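Student: I have not looked at this one before. Please show it to me, and then I will ask how the terms are used.

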Amino acid sequence: MNRINRLNQRLANQIAAGEVVERPASVIKELLENSLDAGASRLDIDVEQGGVKLMRVKDNGVGIHKDDLALALSRHATSKIADLEDLENIASLGFRGEALASICSVSRLAMLSRAETAEESGGWKVATEGQDMEAKLAPVAHLQGTSVEVRDLFFNTPARKKFLKTEKTEFARIDEVVKRIALSRFDVQFTLQHNQRTIHKLLATTSEQERQRRVALVCGPAFMENSVSVDMEGPGLRLWGWVSLPTFSRSQADLQYFYVNGRIIRDKLVTHAVKQAYRDVLFHGRHPAYVLYLELAPSAVDVNVHPAKHEVRFRDSRLVHDFLFSALHKALAEVSPADRLPAQQAAMLSDVAAEDGQSVYSQGQNSQSSLTLAEFSRASYSSNGASRSFDRNQVQQQLAAIASLHGDNTEVPPLGYAIAQLHGIYILAQNSAGLIIVDMHAAHERITYERMKLACQNEELKMQPLLVPLSIAVSQAEADCAEAQQQVLLGFGIELERVAEEAIVVRQIPSILRDSNVEQMVRDVLSDVLEYGSSDRIQAHQDELLSTMACHGSVRANRHLTIPEMNALLRDMEATERSGQCNHGRPTWVYQSLLELDKLFLRGQ
Ligand code: ADP
Ligand code: MG
């Protein structure tokens, strides 16, 4: 064994840096957090060659006092906490006093700053040198605030440099970090440049509309169009933000932003609560997208769990989990067809109203010159551009007439009115701005399921005796199970009795399922119950069981529905929670606006 010696400062910091500075993006994260902690309202980020050559973050925050500049670069030096009490009530993003020391041990770092309180007119620059990272101070021109320049990352730790990916990949990670932070502070302006090209310029926002625009810029417009906003309060908790509609699910969990008191985190408890909330509505294996903000007292959450601070520990994790689950569950249940019809539809309708007969389609006037204008106007649904908006008004009138026939004196309902049934599977309907196609079985299944859930909750599931009790041959295990769980099954509206070693008789079923194939339904329920085993587990899987039952009680393909039956189904969908997806998370309806249909036919191009 060698004798013990003290590591030089740089080496000690390089070891510590292993945890904090993994790649260029982690440097950007730390620098941005420092600027935000300094109260900056404007952040300019400049990156060259994926950050490996240069990363510069300039802010307009409070700056650093000349005498503190050198200290800021040393380890365990922070202005953010002073004692244990502070550690338990952290309101800043940083607090460990490690980031700058770590970064400058593995790069060429310079920090320029001018403090808010500075007496002199210029600023000061600090850079470190040598193994012991001795800091050199020099005067420099600088406005109030701080700039940190990090050059040649990992120049002195070649082993770590080898782990870096291509410039493109490293920059993509930086971009992701900037996006995450940009979503955490709507009141701050961000610019990001890569190799002198502007990638983002996000102005500070004040209104809700501007906030939504920022989310759309960062997450893509499709997310914003396909999400609902959430804002709920619980005991000492608030959750707000946007969650995607179940039909806007993704194959990867890549569009998920969750903030706790402004700090982005990845947390198992949070992921689990969100997953639970989507369980009933998301297609198997798909991931929801969300941008969510949880606010709670700083003392109710411990952020000192991970060196890079992306994990937290909640003091009352059960409470947080249940609050998240119930808030999101509720938000998703409340999604109605009207929320889903894209903003585009509204825009289109207002177009028609505003331009009074001269809509955006007018350019398409000569595109089908073999037909005369008069011919077009006569065919009310296939007009050409010039007469399109006139006809649209006509369509509106027709729809309004149908609406009053249906006794709805007000507006055309979101899912419109049925026109026809297609191949015994789909309902075609028109609403005020386009075509709605409904998967009749999927939609009915969800409606039946939601009704059964509600009835079961309120213990008012109505039963209906079978005219002739149905005897079914089953295995001995199934018969045993049916006998043992007789009471539990009764709670689900199925009254049955074991009549032999391998036979049962069904006497009553839920009346909502009267049109189902009773034998198949009971067999499926029994096989589920057998799988769950105990009464407890059956109760815990109540929803799955009801879903199995609902599937059998729903209109099958190839059953002819009359127009009034179809309309009744559409109205039921509008009134039913979660009706946008079937019990397995597939969409129950899709929408094609006239605009989209026009595109298909290259109209107005
Ligand atoms: P921490 O953020 O955990 O305190 P850092 O090593 O990141 O540790 O920063 C050390 C200290 O340097 C901070 O506590 C802060 O006082 C100061 N500092 C760093 N960056 C800035 C900045 N952009 N503006 C003002 N002060 C800063
Ligand atoms: Mg910091």
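**Terms and values**

Tutor: Arg498 stands opposite Ile504 in β21. This is a predicted model, where local features need pLDDT of at least 70, side-chain atom pairs count only at pLDDT 80 or more, and totals for chains, interfaces and linings use all residues. Residues are numbered from 1 along each chain as written, chains are lettered from A and ligands numbered from 1 in written order, and side-chain values use heavy atoms, without hydrogens and water.

Student: What makes β20 and β21 a pair?

Tutor: Strands (DSSP runs of E, at least two residues) pair if DSSP finds at least two bridges between them. β20 and β21 (503–510) have five bridges, in the antiparallel sense, so they count as paired.

Student: Why does one side of β19 and of β20 lack a neighbour in the sheet?

Tutor: The order of the open sheet is β19-β21-β20. β19 (463–473) and β20 (495–500) are at its edges with a single partner strand each, so one side of each has no neighbour there.

Student: How do you know that Thr78 has a polar contact with ligand 1?

Tutor: A polar contact is a pair of N or O atoms within 3.5 Å. A polar side-chain atom of Thr78 is 2.6 Å from a ligand 1 oxygen, so the pair qualifies. A backbone N or O atom of Leu100, at 2.9 Å from an oxygen of ligand 1, also qualifies.

Student: What share of ligand 1 does the protein bury?

Tutor: Alone, ligand 1 exposes 530 Å² (Shrake-Rupley method, 1.4 Å probe), and the protein buries 92% of that.

Note on methods: A polar contact is a pair of N or O atoms within 3.5 Å; within protein, one must be able to donate a hydrogen and the other to accept it, and residues adjacent in sequence count only if both atoms are side-chain atoms. Helices (H or I, at least four residues) and strands (E, at least two) are DSSP runs, numbered from the N terminus.
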